[in-house]
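Dear colleague,

Please find below the structure that I am handing over to you, together with its sequence. My notes on it follow directly after.

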Amino acid sequence: MQRYKILHRTYYNFPGIVRLEPHTLRLRPREGYELRIESSSLNITPAATLRWHRDVEDNSVAIATFKTPTTQLVIESTIIIQQYNEAPLDFLVADYATYYPFTYLPDDQAVLSPYRQAGDPPSALLEHWVASLWQPGEKIQTYSLLQRLAERIQQTLKYQLREEPGVQSVTDTLTRGTGSCRDSAYLFMETARRLGFAARFVSGYLHAQLAPTDFGATHAWAEVFLPGAGWKGFDPTIGTIVGTDHIAVAVARQPESVPPVAGAFIGPAGATLTVGVWVTEI
């Protein structure tokens, strides 16, 4: 078992006094047999009323509502977790899905259908990319094909931190040869879906060494449903399966569905945003 402290600070500075609309917060990690939350605190200025619920993907979501006008919004989440995913390769794929290609069972197909639907329109560039990964007639283990995909993205794309919101289309990512972690995750998802897999987007944290002046950021990767093993994470930014250093917060069929903080304000335009994320081993 490994313990981590996660400090996630979000600062919005406004050019004048504004009135804050309700904000949606996805900052609490997904609990389960691999991860337990030891302690959690959420400090918000100005004072907010919090209402918690589970969304359709079973993510923990807090809705913050405000009464006080302000020139700044500060959201600070501090969480200590116990991480038990110390052997990420310790799983068994069902016999019928050990080798690719395979077909999901009918009952699973009914549930997984939305996660197999492509988000981007077809393109010749993407089809060529998919064909370069696997050709009919090749016998390969299912896990090996997905690991090949993660490694290929890591080796092909140059990582680029992007501050602007949203995710690049897969065609843009392949054309530019650069992308953020969320762009690489989306490319992994779209490729996996065209290969017939059910895939979803994951927003969370990554324990990594930072320079003293580095504020850090949230991280993104993808999960694929493997019969017998369940949803297994792959991080194409690193080129490997998800392990102990990955801490999932929210999952969704599409990347735009799970921003860590989302909301609006009424007042003068021109707000600035500063985010800092520190994941510390304790």
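Strand S5 (residues 60-66) is mostly covered, with six of its seven residues buried. Buried means under 20% relative accessible area, exposed means over 50%, and partly exposed lies in between (1.4 Å probe, protein chains only). Helices (H or I, at least four residues) and strands (E, at least two) are DSSP runs, numbered from the N terminus.

The model is a predicted one: local features need pLDDT of at least 70, side-chain atom pairs count only at pLDDT 80 or more, and totals for chains, interfaces and linings use all residues. Residues are numbered from 1 along each chain as its sequence is written, and side-chain values use heavy atoms, with hydrogens and water left out.

Two strands count as paired if DSSP finds at least two bridges between them. S5 pairs with strand S2 (residues 23-25) in the antiparallel sense over three bridges, and Ala64 of S5 is the bridge partner of His23. Strand S4 (residues 48-54) also runs antiparallel to S5, joined by seven bridges; here Arg51 has Ile63 of S5 as its bridge partner. Five residues lie between the strands in the hairpin of S4 and S5, where Asp58 takes a positive phi near 70°.

Gly196 is partly exposed, with a relative accessible area of 24%. Leaving aside residues up to four places away in sequence, Gly196 touches Tyr104 and Arg116 (contact means heavy atoms within 4.5 Å). Gly196 and Tyr104 are 92 residues apart along the chain, and their C-alpha atoms are separated by 9.1 Å.

With kind regards
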